[in-house]
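This briefing is intended for a reader who is meeting the structure for the first time. Please consult the sequence and the model while reading the notes.

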Amino acid sequence: MDFFLFIFVYVGFLSFIVYVLLFGQSESNRNGFIGYVHSILTYEIWAFLKKMLVKIFGKSADTFLKKIVVYMCLTWNPFMMLFYVAILIGGFFVFFVWAFPEIIQIPTISSWNYVYIFLIIANVITTFLLCVFTDPGSITKDNVDIYLTHFPPDNLIFFPKFCETCKIQRPARSKHCRFVNKCVARYDHYCGWVANTMGLNNYRYFVLFLIANMIMCSYASYIIFRILYYNVKNSSILDLVFFDKYGNPSPISFSHILRYIIVEYRALFGLLIMVFMMGIVLFAFVAYHLYLIATNTTTNETFRYADLKEEIHMFENFKASQEQKD
Ligand SMILES: [Zn+2]
């Protein structure tokens, strides 16, 4: 297969999977093709695998799998956060070994970039630590009354409810988070990347954390691109001339330059692809959360409103069918 076609298909496929996983459950997608692929990826495949494992290893495999799923997906654990830290350290390592020393040697890149790099990294680490260690807004017997006056039930998606675990009347917009085992005020979602729930007290840090990571990925894409661009432009590879089978000379093609970069600057090129893709995903996330802030909604409420809309829709359909019968 042609090299470019391969890259194109690969990036296209990856982008499609990321889109399906992120937005497959959204209101406009959940009943269509994207929703169908989402259910295959997140449910059908795993149900099929489980069935096969039970067939091979018997019923005990089922109990064992359930325990693993409950621990990995429904209980607080640090694995996703450690995965994030590992990616971050790996990225820093590649950047400091292969990109950092280049900056000072390239006359077209200002040494101010060393200051920017320091600020960008400090920003990511600070917002990460704030997300990990800030209390999301835990509701206890002592502070529940304050929350109840600020968040009375709306009787639409938040009805008066008693939390059996925390033994409190649950204020509107709050939710008992099973991961941290607390009721959290203005509950947004549980974030595995920082192993904490995002709520009233730390949601702003979460949005800053997303923005910090987006800036880091955008900056890294920019600076790595400039390093590669300068090095290629000043290498002798551009002087190469190719001859076709009739002996006609032609200058080096873009495809050859790209192959040269992949061979010569393997680590930096790999990092560039990674930060560029992650930058796009983060941009989508930042845009989504800025939209939530602008509409004063939480991630949790978006899903609740979507469910409510679907229920109303189903009710209207039912009413219409009843009226037709009459
Ligand atoms: Zn609770």
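The notes below cover record annotations, helix packing and a sheet.

This is a predicted model, in which local features need pLDDT of at least 70, side-chain atom pairs count only at pLDDT 80 or more, and totals for chains, interfaces and linings use all residues. Residues are numbered from 1 along each chain as its sequence is written. Helices (H or I, at least four residues) and strands (E, at least two) are DSSP runs, numbered from the N terminus.

**Annotations from UniProt**

- UniProt positions are in the numbering used here, feature names are shortened, and annotations may be inferred rather than shown by experiment.
- An unreviewed UniProt entry lists "transmembrane region" for residues 7–26, 32–49, 69–100, 112–133, 205–229 and 268–294.
- Residues 69–100 are 88% helix and 0% strand, with end C-alpha atoms 41 Å apart.
- Residues 268–294 are 100% helix and 0% strand, and here the end C-alpha atoms are 38 Å apart.
- The unreviewed entry also lists "domain: Palmitoyltransferase DHHC" for residues 160–304; this span is 53% helix and 17% strand, and its end C-alpha atoms lie 16 Å apart.

**Helices α2 and α3**

- The axes of α2 (residues 33–57) and α3 (residues 59–74) come within 6 Å and cross at roughly 135°; axes are lines fitted to C-alpha atoms, for helices over the stretch in contact, and angles run from 0 to 180 degrees between N-to-C directions.
- The two helices α2 and α3 are therefore oblique to each other (angles under 35 degrees count as roughly parallel, over 145 as roughly antiparallel, 65 to 115 as roughly perpendicular and the rest as oblique).
- Lys 50, Leu 53, Val 54 and Phe 57 of α2 meet Lys 59, Ser 60, Ala 61, Asp 62 and Leu 65 of α3, where contact requires C-beta atoms, placed from the backbone, to lie within 7 Å.
- This contact of α2 with α3 has 5 nonpolar, 1 polar and 3 charged residues (Ala, Val, Leu, Ile, Met, Phe, Trp, Tyr, Cys and Pro count as nonpolar, Asp, Glu, Lys and Arg as charged, and the others, Gly among them, as polar).

**Helix α7 and its partners**

- The axes of α4 (residues 79–105) and α7 (residues 203–233) come within 10 Å and cross at roughly 60°, so α4 and α7 are oblique to each other.
- Phe 95, Ala 99 and Glu 102 of α4 make the contact with Ala 220, Ile 223, Ile 224 and Ile 227 of α7; by class, the residues are 6 nonpolar, no polar and 1 charged.
- The axes of α5 (residues 112–133) and α7 come within 9 Å and cross at roughly 150°, and α5 and α7 are therefore roughly antiparallel.
- The contact of α5 with α7 includes Tyr 116 and Ile 120 of α5 and Phe 209 and Ala 212 of α7, and its classes are 15 nonpolar, 4 polar and no charged residues.

**The sheet**

- An open sheet of 3 strands runs in the order β1-β5-β4 with antiparallel pairing (two strands pair if DSSP finds at least two bridges between them).
- β1 (138–139) and β4 (175–177) are at the edges with a single partner strand each, so one side of each has no neighbour in the sheet.
- β4 pairs with β5 (residues 182–184) in the antiparallel sense over 3 bridges, and Cys 183 in β5 is the bridge partner of His 176.

Technical notes. Two residues are in contact if their C-beta atoms, placed from the backbone, lie within 7 Å.
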